[in-house]
Each structure stands twice: as C-alpha cells, then as structure tokens.
Amino acid sequence: MAITTMIGAKIHRREDPRLVSGHGRYVDDMTRPGMLHMNVVRSPYAHAKIRSIDLAAAKAAPGVQAVYTYADFKDHIAGGLPVSNSFVAEKKQVPNQFPIAHDEVVYQGEPVAVVLAEERYQAADAAQLVEVEYDQLPAVMNIEKAMEKGSPTAHIGAPDNIGWELTYAPENPDVMKEADVVVKERILQQRLFPIAMEGRGLVADYDNYDKRLTLWTSSQVPHFIRLFVGTACGLAESQVRVIAGPDVGGAFGSKLRPYPEEYLAVVSSKLSGHPVKWIEGRTENLVATTHGRGQIFDIEVGAKKDGTLVALNVTQYIDLGAYQGVFGAFQAVACLLAGGAYRWKHVASRTVGVLTNKTSTDPYRGAGRPEATHLVERAVDLIADKIGMDPAEIRRKNFATEFPFTNNFGLVYDSGDYNGSLDKALKIAGYDQLRREQAEGRKHGRYLGIGLSTWIEICGLGPSAATAPAAGVALVESSQVRVLPTGSVTVYVGTHSHGQSHDTTFAQIAADTLGVPYESIELRHGDTAEGPAMGYGTYGSRSVAVGGMSIRKSCLKVVDKAKKLAAHILEASEEDIVFDQGRFHVKGSPDKVKAFGEIAFASYGAGLPEGMEQGLEAVSYFDPPNFTWPFGAHVAVVEVDPDTGGVDLRKYIAVDDCGNVINPMIVEGQIVGGIAQGIAQALYEEVVYDDDSGQLRTGTLTDYLVPTANEMPEMVLDNTLTPSPTNELGVKGIGEAGTIAASAAVINAVVDAVSPFGIKHVDMPASPDRLWKMIKEARN
Amino acid sequence: MKHKVATTVNGRRYEHEVEPRLLLVHHLRDNLGLTGTHIGCDTSQCGACTILVDGMAVKSCTMFAVQAEGRSLATIEGMARDGELHPIQQAFWDEHGLQCGYCTPGFIMAAAYLLATNPNPTEDEIRKGLEGNLCRCTGYVNIVKAVQTAARTMGGAKAPAEKKAAMATGGE
C-alpha cells in the first residue's frame, strides 16, 4: 500500500467550524428537563475539625430542593478516590479520600456539603447559608518542616507526613570520586495551576426507573470515570454512560482523574431524582482542581575537567497535598529521566512524597518530565560554568549517540539525533553571533543571556508490561472502524480530544490506511456508549503513538477482510489482489477492479465466500512494544535589566523531533502552546499559600499571572525527523514537548544573563522582584 | 423583584423579566440560549465572555443584564452570515488560531472590536488589543496571525470605515 496522500498534509481542522461560530458543545451549554444546580460548600480552612453543620437556613432558602452532607453520602459511595501505583508501587501512607469531608477538613476547598436548587444563583445563595462550625488545627504547609520529627500532621492521628519514600538507585560515592568537579544545587519547581480555560463541570442524570446513569463531564478519560465513579456508586459499568464533553475546553492533565464532585453529583441525582449540574467557578477551580509540580530537587553533579559527565545524585521532594493525587506518583518519573539526553556513569535518585494541607498535586502538562529536563539542563550548565566550557560544547560531548540507548534506569530511548537538533537550533539562533553580542553588551552594562535546553521525553504510554503494574491497568489503546454499506466510515477511538485535533489527524490516518476520501470518515470519541468496550484516554502525549496505531490496526483488519471478499468477487486468489488507494485489482489486470465502496456494499449482501460473515468492521487494541522518545533543542534569548530585575524574552527558537508528522500545522500548534506554558512557569506563574494561616494567597486570576499575548516572545520553529522504530507510523508524540523543554531554556538564559554578577542559579518564576533582590545582594 | 429587559441581540429583539443581579453573560446563555459566549473566570480576567455592546467590546460578566436595556448586542452566533463565516472566524480557522476552542468566541469578538477601531493594526497593537483575553492552548502566536489575516481580508485601511464597523458588529 504505497499511498501517503493525507498523512503529513496540512489539513485544516474539521473541529473548527463549530468552535469558531459559537456552536461548540461544552458541558455548561447543556440543560436537562428538571435539572437542579449543585453548589459545593467548601472548607475555608486548610486544616480543621468540623464541630457542627447547621443546614436549616439553607434548606429553607428559595428554590432549594436538598442539602446533603457526609451523612447522606456515606452509604452510597464505596471507598474513596483511587490512587494509582504509577512509579511508586509501595507507598508509606495513602489517606483515604472520601469525596466529602466527615469530621475533619484537610485542605482549603475540601467539600463539606452540597446544595441542590432549581436555579444556579439560588444554589449559590443557599450555600452561603450552610453554617459550619470549625475548630482550626495547625496546618502543614511547608514540605521541609513537614518532614521534621515532631511536625504537626496533615491528618489527625497520622504517624507523620511521609506519603512515600523510594530510592530508585542509591548514590555511589566511588563513582562520584572520579569527578574532578562537583556542584550541588537546590532547584525549586513551584506549584502551578493548570488553568484549562474551561473549568471542570458535569451533568449527572440518574434514571431511577431504568437504573441507568448518564454523566456528561469535562474529562480526558471518560472510560476511567465510568469505571471508578460508576462502580463506587454501586452501578455496573454497563449501567453507566459517560460522555466527556462532548467538547472539553482544555485539560493539561487536570481532567485525567475522577474528582469528588463527580461522585457527589451522581449520588445527588440518585437521591433527589433529578438531573444535577455542577459547573466549577474559576476561584473554585483554583482550590478544587489539582495543581501541578510543587517539588524541590537537591542535586549533586560531578564531571571531569574536560566536561565528561560522571555522576548525578538527585533527591525529589514532592508536595503531595492532603491526599495523594490519583496519578500523583507519576511525577516521580523525573527521577528515572534525571539523566536526560546524556551518558552518565551513574545516576542516583530518590523520591519523597510529603503530605501537606493543600490541594492535591497531580500530572500537569509534562508531569515529571519538565522537572527532569529542568534539573538536568541546569546541572549541565552548572558544570559548564564551573569548568568554563560552552554550554553547547558540554552537551555535544555527552549526548547519547547510539540508539536504541539504554539509560541508567534501564529505559530504552528508541531513536534520536541530539546533535542534529542542537546544530540546527544553534544555526537558526545565530549562536556565535549572539555570544559576540553578549560579550559586547556586557561592556556597556547590558545583560544578554542565551539558554539551551536539549530535552528528551518519554511518551506514548505505554507498553502493557510497564504500565499495568504501574497504573493498575494496561495503558494500551482501542479503536473501532465501522464501514457502512455505502462505504463511508465511522472511526471510534478510546482516546479523547480536548484541543489536540484528533478529529482531523485521526481521520487522516484512517483515510490513508483505507484509501477512502478523508471527508467520508466520521471520527467519534468521548462517549463510552460507543465504540470499543474500553478506552484509555488522552494524556502523556500518547494519542497518536498508541491510539493512532490502534486505528491503523483496525483499518488494516478491515482491508484484510475486504481483500478476501474482492478476491472472491473478482474470481482471483487473495494473493493476487492488489490494494492501492482504495481500490482492489487483480495483479497484472488493472481493469479487473473493485472500489472500496463496492466491496463494502457487497460485504452486507449475499454470496459471500464460504464461512465469511456479513459486515465490514473491526476492533483493535494496540499494545506498543516500547515508549516513544521525542527530543529537541530549544534556545531562549533574554535580556535582564539589572536595575529592575525585568526579563525581556527576546526570542525563542525550538527545533523538535517527534518522528513522522501526521499534520505539521497541528504539531506546530502543540509545540507553541506547550512552550507558552513552559515560559509561564519560568517567568510568571506561582501558586502561593500562606504558611501560617494555610490560606491560598493566589486565590483568583487577579493574583496569578497567566500570560497574555503581550508576554509571549517571537518564536521560530523548525524540526528534524527521526522516525520512531516503536510503531509502524513512525510517530512519537508532541503534546507536552514545548512545556517539557521551555522552562530550562528560559532559566538557563536568565542565569547566563546574570552570571557576571556571580549568580549561579535562579529559581522560578524568575520574576522581577526575585531577580532584583538577587542582583542587589550579589552587587553588595 | 424582577425587571423587564429588552435587548436586540444579533439583530433579533428579546424581552425578558430578570433579577437585577443577573449577569449579562448568564442572561445570554441561560435565557437567550446563546451558549457560544463562554465563562472562563469570575474576576473579569479571561475575556471568554467578550461580546459587543453597541459596537464596543465588553466582558459580559462585568455587566448586569438590566444594564443592557435598550442596547444592541452582538455575540459570536451573529458573526457568520448566510452560512458564510465572518472573515475573522475564517482567519482563526485558516491560521489554526484555536485548539480547545473555549476562549475562541471571546477572542473573535475582541478582534472584531479591535479591527473596527484599528483596521490595520501592527503586531504590537494586536497583542495589546487582545490583552484582556486569555488562551491556554495556542501561546497566542496563531491568534495574532489570524487577526493579521483577518485585517488583510477585511480590506485593512482601504475599506470604507462604515463597512468595516458593520462587519465587526455583524450589523447590516
């Protein structure tokens, strides 16, 4: 089959006509007859005992149909929220998170009661009338203090605050002794809000007569929601239909798990006999939806005088929040990727998860991989600075160059050309010229900085052998291809698109594989009532490398059957049938031909070969043999004003390699958007809690700087192309690349700019006040 | 106590009795069924709810419905005409100026106002003109391109001012 007419083509998105015209279908756009609005009463405190709850006034308020608390839910929800093994199979302490507080609240924003009312404003009004008396308890806010002996605990009666502690590989002092220079540094990864522009929201509609639940929810993982929420609420999976969206307004990892409100709304619908809608407000979102990052890394890096990297010791401390995130331990992957794109004699790593009285941390775009990139790219620059070597040179000297490359933890990088992407990025940036400008500028009190990030990532989750023990379920991916009698095709996928453009790219894959017109393919996702029995969702840049391959597999099964039927109709042997661009002909007789549509029609008719059933459809699950390993080289150019601490991000160059590209326009869009989030972390965003009171100080978007168009620099994008040997499409994944790469490039540039002051490291966000203070201190 | 509010939205007249505290954005979405105008925050930062009120870009979460009495409003649903996308909508499509699409209606309405008042903006003017709107997916690069493309297709400085204003507001 020698056609690639659609794969690789810049096709404009089929999602867009509805979205640009105001006809998207987000959860809040929907209403159901008899629907009630749910408002969640939340704890205003980080840690407190609930002394009493008085519901009388709320229940008497206009439009209120019901007010529920723990007492109403306790017999209707089994257990609590799940916590996956991820990269930490054995955890020390996993506090059970029941979806609503009983007698103790452990983070600001924890649900305490829910109000159901006829109108949205009535529910909000009545929620104000729920009177809860609290006795405040000491709040555990700082992870270093939380690890000290005798620290107050985040949960009453807990032995300590240690959620997990795991050494992946111990330090090897003998190897470190081989280093001529050793540098230690503490690198902070501040807490971040994911901020999908659409907050979470849902409509739960339980039919008490048919005993069926339909749950529309803004989620990345409808099948997992069905599995976890449905079964915990006493329903068989077959009784539950979850529809993610249909449109979901961004997620970035913050919608890839079940949440308390989903359980509460389902039971509220059951108890009240009404459909129940809950739409998260933004201020609510900042406490009720998981946060990202929130980590401290202590690193020690050793190298030879000639720049040869020797050993790296890493300890990761993660602020887990009050409950371990459902996939919170995924972030420990930073420990396994700490070596980055380089050859090391030894990498030691250890992760410690610490419970605090805050919102849970869970994956946020990149999840562990931005942290790994940041620490290793900073480590390499620290060594380069120490021995007086150019940051580009030290990278070249230590890059992995032979593939497959097995890193120090046994992970196998499938393919790469790290020198290729770095060379290209430096050329586009005009690196040598920039260095000259920098030297010249410094003579005149101007502080230009050039930062590199030669990033790698693990994605395409993942082989069942690796993910089943980690996630508790194999993260393969499913699809179903149904060819209708007239030859048009519906493709159902287990992934979920919330900005990734799957409707377009997946249709491109199916069109090419089946050789049918792109327009004849309908792409469906997000509804558990359709398609294969199980879907695995979209996260970890997995959708094309795993889901796309599943589509290809299903299409090939269809082609295979169609070929048999064509042979029968054309009275030839199957071996003599050639399938080319949607047509089946007999080898050597191009006039003996049947179009795909004709075969489709025939497949539902009479006179099939003996033993062949009617129909032309197929289901596939794709289990990849390995992860995929995208990579690239980014260059950030900044100028720091030493008098104000202001950072002017002048230019950003990104050369990325995600293997074969299905649609270059969409790939570029993903990269740019990802870079923007990395820049946001590097320069602007930080979740701040008050350590004494436990209150969230960045509690609205007024206090949290999500960058606008004004903050984004000029970006120049290019790519190299190193196909993945892991799958037949040769694809890797690109959804998180920009975010994984960018913070390191920007911070390396900032440090480079202020290095004349003797500053060796700058933490994030590199805000004017932080830099101004550092420069002032350095000057004194 | 409810108040009568009469508005013209996308050329159609509506009359409703509303609570005085009802936000205009909720009026549009819940009473008029115009759900293309989105809500992305509760502190007027994100601009997802941007519409035009008498031709001026307004975050509809910052107005009460009663304040729209007698006003002419344009929302995203009124931009396309006779099955043809407005040039700004077309440009967002052509330039891949959206991913999840949630912020897009607000950006398109803000861009409509920008181009009505400044038909041929520089890149800096576009970025400043859109600084009241947040997007988390695109990094803004393609949004800026889309507005540049729309400015070109709408005729830039060459088009008569009246015509441009009419296009921006969706008026005749």
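Is the crossing of helix 19 of chain A and helix 20 of chain A left-handed or right-handed?

**Entry 1: background.** I am working on a predicted model, in which local features need pLDDT of at least 70, side-chain atom pairs count only at pLDDT 80 or more, and totals for chains, interfaces and linings use all residues. Residues are numbered from 1 along each chain as its sequence is written, and chains are lettered from A and ligands numbered from 1 in the order in which they are written.

**Entry 2: the helix pair in chain A.** I looked up helix 19 (residues 664-684) and helix 20 (residues 737-754) of chain A, whose axes come within 7 Å and cross at roughly 40°. Helices here are DSSP runs of H or I of at least four residues, strands are runs of E of at least two, and both are numbered from the N terminus. Axes are lines fitted to C-alpha atoms, for helices over the stretch in contact, and angles run from 0 to 180 degrees between N-to-C directions. The angle makes helix 19 of chain A oblique to helix 20 of chain A (under 35 degrees is roughly parallel, over 145 roughly antiparallel, 65 to 115 roughly perpendicular, the rest oblique). I noted the crossing of these two helices as right-handed; that is, the near helix is turned clockwise from the far one by less than a right angle.

Among the contacting residues, I listed A:Ile671, A:Gly674 and A:Leu683 in helix 19 of chain A, and A:Ala737, A:Ser743 and A:Ile747 in helix 20 of chain A. Contact requires C-beta atoms, placed from the backbone, within 7 Å. The residues of this contact divide into 11 nonpolar, eight polar and no charged (nonpolar: Ala, Val, Leu, Ile, Met, Phe, Trp, Tyr, Cys, Pro; charged: Asp, Glu, Lys, Arg; polar: the others, Gly among them).

**Entry 3: strand 5 of chain A.** Strand 1 (residues 36-42) of chain A pairs antiparallel with strand 5 over six bridges, with A:His37 opposite A:Ala117. Pairing needs at least two DSSP bridges. Strand 3 (residues 64-69) of chain A also runs antiparallel to strand 5, joined by five bridges, and A:Thr69 stands opposite A:Ala113.

**Entry 4: the sheet in chain B.** I traced an open sheet of five strands in chain B, order 2-1-5-3-4, with mixed pairing. Strand 2 (12-18) and strand 4 (56-59) of chain B are at the edges with a single partner strand each, so one side of each lacks a neighbour in the sheet.

Key: Contact = placed C-beta atoms within 7 Å.
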